[in-house]
Amino acid sequence: MTSAVRTIRSRAGTIRKTLARSSWPYTGEGLIWLLLICVAVIEVAPIMWMFSTSLRNPADSFELPPDFLPTAWRWDNYLAVIRSKKIDFPLFFWNSLKIAVIVTGSQILTCSLAAFAFARLRFPGRDALFFLFLASMMVPAQVTTVPVFILIRSLHLMDTHWALILPGLSGAFGVFLLRQFFMTLPGELIDSAKIDGAGFFRIFWRIMLPLVGPGLAALGVFTFLGSWNNFYGPLLFLRSWDKLTFPLAVVTLQGYMGMGNRAHVLAGIMMSIFPTLAFFLAAQRFVIQGIALTGLKA
Amino acid sequence: MAETTVDRVKRAMPAARPLAGGLRRAWIQEMISGYLFALPAVSVLAVFLILPILASLALVFMDYDLLTPARWLGFDNITRLFADKRMMTTYWNSFRITIGATALNNILGLLLAMAVNRKMPRVLRYLLRTALFFPVLTTTASLAIVWQFILTQDRGIMNHLLQQIGLAPIPWLSSVRWSLRSVILYDVWKSCGYLMVLYLAGLQGIPEVLYEAAKIDGASRWQLSRYVTLPLITPTAFFAIVISLIGAFQIFDNAFVLTEGGPGDASRTIAMYIYEMAFKRYEMGYACAVSLTLLIILVTLTLLQIWAGRKWVHYE
């Protein structure tokens with residue numbers, strides 16, 4: 001009965017809306033699409049230009065007006081960068097990848113353990129500890145830089161990848177993000193597992209962790225991105241040429257040959273985008289969901 | 001959080017807890033598990049965050065250049081802060097970047113989210129969302145090089161396009177007037193997609209029923225946005241603004257590569273100034289003093305926002 005009334009009322013609403021429709025909603029709609037398309041073009045244009053210029057004859061890379069679509073397919077620019085004698089790109093790629101994979105794996109493990117404890121276990125001081133994690137997200141990197149630098153130096157870890165791996169083994173953001181995921185799971189799951197005599201680690205590992213798969217994927221992408229794109233850390237800790245990570249190498253490379261060979265610099269930057277892009281496309285849905293959950297009330 | 005049976009019993013008869021041996025054992029087991037689970041994350045936090053902050057508090061009173069042993073200075077580093085004109089300049093720059101980038105990123109992010117969040121073919125929505133989010137995936141430092149190529153004054157792409165539509169070329173990176181704006185522009189290009197996804201999630205969390213109800217009452221499209229969408233997006237907006245502010249105040253890579261802080265100090269951020277003090281001049285104690293002012297400012301700003309948020313954030 002009520003649903004019928006509702007249908008009729010909503011029909012009436014639709015009719016009223018149709019009657020009230022003037023040319024203005026179409027103008028508004030048009031403006032919105034214009035904004036959307038303009039911004040999308042502005043966001044993509046620099047990347048398109050980079051991509052197409054990286055495939056151009058190096059001599060043509062300064063050409064104006066700029067072409068945003070490829071005019072040539074010189075894949076050998078990429079080969080030239082990879083095989084360059086002066087700059088060992090495959091090595092930098094490997095360095096970045098190694099650090100990012102270790103940090104990502106470790107964060108997924110340590111953050112999910114802590115997040116499960118904060119979301120689902122009861123122990124004295126839990127909320128105070130979690131508050132500490134939340135508050136630490138406000139602390140700017142610059143505050144900890146100097147003491148961490150001194151610490152790394154006194155441990156004789158300067159110019160090693162450990163200097164980047166150790167501080168990245170866990171992170172407050174990851175704990176916060178995964179806690180949001182654990183909170184969405186029904187508590188009855190734990191209760192029934194407990195009745196079946198499962199220990200907490202077993203509950204965590206066998207029951208809860210598989211259910212927060214999307215959260216782990218999102219955290220994985222975020223952490224990988226953060227580590228892969230990290231510039232400040234390597235700038236502080238890495239000195240020797242063979243230890244450099246990709247972003248630092250690209251910026252250095254630009255200094256070496258930027259004005260001479262733009263196409264090669266751009267090919268180098270393009271290559272640095274491929275892994276993150278692949279990662280993102282594989283886990284896009286989870287990344288979006290992850291961003292969504294961090295925006296909800298804690 | 002759902003109450004477990006154990007919790008319910010514990011709450012109902014706290015005095016009986018010592019008697020109920022099984023429950024007590026379960027409770028202790030849960031407690032120990034909790035600490036063990038949190039231990040790895042807590043120890044990383046302790047070593048690389050809490051310990052450093054405490055060390056910073058001590059270093060503020062010292063003169064330390066990494067080579068010679070630290071020397072006790074007393075309050076010299078703190079009094080020095082008050083006369084530091086360059087710190088004030090870089091703070092002012094960071095402040096302007098923060099205001100500009102936070103405002104533009106959030107307004108654009110919300111507008112884009114509202115624009116994408118409408119009926120359209122699935123493929124189109126996917127393409128638009130990916131295109132708008134793409135810059136977020138790229139490396140800030142590397143893409144700054146691309147933006148250098150775009151914004152250079154001579155033979156730069158931006159100026160070429162400006163000239164095509166009859167405008168005068170702009171010294172984007174080399175003038176005091178424009179370099180800071182270029183840093184903001186680059187940041188908005190780089191991160192408005194992230195804000196869009198955040199707002200999009202907020203928009204999709206608004207129950208469809210509310211729109212239906214408002215439509216039945218004859219609300220216009222403008223009224224729907226103003227009286228349904230806007231109040232219900234405020235919790236998302238609050239979170240988005242808080243994290244944008246914290247992030248923008250720490251901008252380093254963008255300006256470090258794009259303008260190198262120049263010309264002069266025109267686009268040098270406070271993060272770059274701290275870096276310079278610590279790792280170019282090796283004045284570790286003073287760098288700590290400056291970084292602690294940044295911490296105090298960020299904490300105050302966040303607390304102020306939480307306080308102000310009570311007035312404008314609409315929780316159901």
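Of the 298 residues in chain A, 41% are buried, where buried means 20 or more other C-beta atoms within 10 Å of the residue's own, exposed means 12 or fewer, and partly exposed lies in between, with C-beta atoms placed from the backbone. This is a predicted model in which local features need pLDDT of at least 70, side-chain atom pairs count only at pLDDT 80 or more, and totals for chains, interfaces and linings use all residues. Residues are numbered from 1 along each chain as its sequence is written, while chains are lettered from A and ligands numbered from 1 in the order in which they are written.

Chain A has 14 helices and zero strands. Helices (H or I, at least four residues) and strands (E, at least two) are DSSP runs, numbered from the N terminus. Of the contacts in chain A with a separation of 6 or more, 74% join residues 24 or more positions apart. A contact requires C-beta atoms, placed from the backbone, within 7 Å.

Now the interface. In chain B, 81 residues are in contact with 79 residues of chain A. H2(B) gives the most to chain B's side, with 19 residues.

The residues involved divide by class as follows.

The axes of H4 (residues 89–120) of chain A and H2 (residues 21–59) of chain B come within 8 Å and cross at roughly 130°. That makes H4(A) oblique to H2(B). Angles under 35 degrees count as roughly parallel, over 145 as roughly antiparallel, 65 to 115 as roughly perpendicular and the rest as oblique. Axes are lines fitted to C-alpha atoms, for helices over the stretch in contact, with angles from 0 to 180 degrees between N-to-C directions. Residues of H4(A) in this contact include Thr110(A), Ala114(A) and Phe118(A); those of H2(B) include Gly34(B), Phe37(B) and Val44(B).

The largest nonpolar core has 164 residues, and Ala114(A), Val175(A) and Leu112(B) have the most contacts inside it. Such a core is a set of buried Ala, Val, Leu, Ile, Met, Phe, Trp, Tyr and Cys residues joined through C-beta atoms within 7 Å. Leu112(B) touches Leu36(A) and Val39(A), among others.

Arg153(A) lies in helix H6 (residues 141–154) of chain A. Arg153(A) counts as partly exposed because it has 14 C-beta neighbours inside 10 Å.

Definitions and conventions
Two residues are in contact if their C-beta atoms, placed from the backbone, lie within 7 Å. Lists of a residue's contacts leave out its neighbours within four places in sequence.
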